[in-house]
Each structure stands twice: as C-alpha cells, then as structure tokens.
Amino acid sequence: MGAKATVETELKKLQKVELNMLKEIHAICEAHRIKYFLIAGTLLGAVRHGGFIPWDDDIDIGMPRPDYDKFAQIARQKLPECMDIQAYNSHNYYPINFIKVIDKRTRLIEEARKDSEHVSGVYIDVFPIDGSPNNRILRKLHYLHVKIYRLLIAYCCCNESIIKDNGLKRMIKLSIMRIVKILEKLGFLKITYLHKKMDKLLKKYDYDSSLIVCNYLGGWGQREFVPKEYIGIGAPIMFEGHVFWGVEKPHDYLVKVYGDYMKLPPEEERKSHHSFSILEL
C-alpha cells in the first residue's frame with residue numbers, strides 16, 4: 001500500500017473514532033438540554049461535503065458560555081468509561097483554555113507539545129462561545145487582551161514548532177518564548193494563574209446580553225466575531241449520515257468566517273493543519 005493510501009486509511013479511522021465521540025456528546029447534550037453547535041471546519045464540512053472535509057482530522061463544536069459551563073460540570077460523569085474530558089483545571093500543563101473530549105483508548109501527541117507533560121488521545125474540541133463589547137474598538141482591544149494570554153499559555157506549554165514565522169519575527173517570538181519559559185520555571189509566571197486570568201477575561205461579557213459573540217479560542221482570529229443571531233437557537237444539520245446541531249444561520253456564519261466557503265482550496269492546501277507525532281488507534 002502506498003504512503004498516500006496509508007495516510008488516507010489512517011485518516012478514515014481517526015474520523016470514525018471522532019464521529020462516534022460526537023454521537024455520545026450529542027446524546028448527553030440532548031438529555032441535559034445543553035446547546036451545542038457544529039462550528040468552524042466541521043460546519044463547513046457538513047454544508048459543503050455532507051460530513052468531514054475529506055482531508056480534515058478533527059471535529060469542532062461550540063457552546064454558548066452558560067451551556068459550556070454546564071457541560072464542563074457534568075461531562076466527566078456522563079461520558080462513557082472510554083471517554084474523558086481534559087481541561088486546564090484537571091491536567092498539568094494543559095496548553096489551551098477550552099475542553100477537549102478524548103477517547104482514552106487512543107494516544108495522540110501533537111508535535112508542538114511532544115516535550116510537554118500533557119498527553120492526549122483522539123479528541124473533539126469543545127469551544128466556549130462568549131460575549132463581547134458592543135463597541136467595535138473595545139471588541140478589538142478585548143480580543144487583543146485575550147490573544148496575549150493565549151500566547152503566554154502556549155509559550156509556557158509548547159515548543160518552538162508552533163512559531164511559523166521566519167526572519168526577524170521568528171527571532172523576536174523565540175526570544176519571548178524563551179523568556180516566558182524561564183519565568184515559568186523560576187516560579188514568577190504560573191501556568192495555573194494564566195489560565196484563571198484567561199478564564200475570567202473570557203467571561204467578562206455576558207453571552208445572553210451581547211449582540212456580537214465570539215469563539216475567542218478558535219483559529220480564525222477576529223473573523224470569529226459574529227452576530228449572535230447567526231448562532232441563534234441552532235438548526236439540525238446532517239453530518240456523515242447523522243443529524244446533529246449546527247448554527248441557526250450557517251450560510252451567514254460561514255461567509256463571515258471563510259468568505260467564499262463553497263470554493264475548494266488549491267490542491268496543495270488540502271491537508272490537515274495539525275501535526276501528530278504519535279497516533280495510536
């Protein structure tokens with residue numbers, strides 16, 4: 001079997017595990033009246049491909065902050081024994097400020113975190129969708145504040161492979177990362193403190209009273225600021241032959257985040273944005 005065929009086979013196996021996990025999450029949310037929505041590339045895949053984007057290797061769901069907090073409280077007790085959640089307040093050197101639901105029967109280490117104490121399994125990302133200021137300038141400042149904490153947490157927990165820039169920008173970022181790691185090692189900068197500050201910052205603006213909401217921890221920057229009406233109360237959507245919940249206005253959401261979302265990227269860009277150093281299924 002050629003290398004390409006092997007990669008495609010492994011990807012299909014990975015997607016199958018993730019789909020089964022999504023079905024379990026869906027069942028818990030339905031039973032406990034927790035709102036969740038397929039978002040980002042998972043929603044794009046549902047609309048454009050009827051399921052996974054063929055080269056995608058993860059599932060992203062979002063929950064309004066009240067629902068996210070409720071899910072975080074009950075998920076560990078309600079998930080099947082083979083699944084668990086990982087979060088900054090339960091795992092050392094957790095490099096992000098959102099929940100991952102993992103399959104404990106698998107082992108996965110991303111390249112950027114292979115030197116960390118944090119080990120994961122095949123996962124689904126569960127993002128909080130939070131409120132934002134109504135003022136556009138204040139929104140930008142708030143996003144910048146969040147971004148600074150995201151970088152500090154990443155620089156504490158990840159290795160240099162997360163820095164994709166070249167030249168002077170790379171040198172500056174590497175220098176900052178090394179300083180952050182030294183401060184953390186000496187105890188002047190605690191990862192737990194950074195996570196708590198980030199959590200408080202994300203919750204600063206109430207979801208229910210905000211007109212514009214955002215997945216601050218996603219990968220599309222300020223394009224993730226969307227009118228709350230785009231999220232709405234959700235709408236059923238087919239994904240890999242199963243009905244899940246998508247946002248209420250998927251077209252408006254996808255245009256805001258991706259632009260011309262029905263246009264396929266060039267073939268050379270049709271690849272995963274993750275890098276796994278170890279993957280056992």
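Ile182 is found in helix H5, residues 167-186; helices here are DSSP runs of H or I with at least four residues, numbered from the N terminus. The model is predicted, so local features need pLDDT of at least 70 and side-chain atom pairs pLDDT 80 or more, while totals for chains, interfaces and linings use all residues. Residues are numbered from 1 along each chain, and side-chain values use heavy atoms, without hydrogens and water.

Let me turn to the packing of H5. Its axis and that of helix H4, residues 136-157, come within 8 Å and cross at roughly 75°. H4 is therefore roughly perpendicular to H5, a term covering angles of 65 to 115 degrees. The contact (heavy atoms within 4.5 Å) involves Leu152, Tyr155, Cys156 and Cys157 of H4, and on H5 Lys173, Ile176, Met177, Val180, Lys181 and Glu184.

I close with the salt bridges, of which the structure holds nine; each is a side-chain nitrogen of Lys or Arg within 4 Å of a carboxyl oxygen of Asp or Glu. In one of them, Asp69 pairs with Lys203, the closest N and O atoms being 3.9 Å apart. Asp69 lies in helix H3 and Lys203 in the loop between helix H6 and strand E7, so the pair ties together parts 134 residues apart in sequence.

Methods
Helices (H or I, at least four residues) and strands (E, at least two) are DSSP runs, numbered from the N terminus. Axes are lines fitted to C-alpha atoms, for helices over the stretch in contact, and angles run from 0 to 180 degrees between N-to-C directions. Angles under 35 degrees count as roughly parallel, over 145 as roughly antiparallel, 65 to 115 as roughly perpendicular and the rest as oblique.
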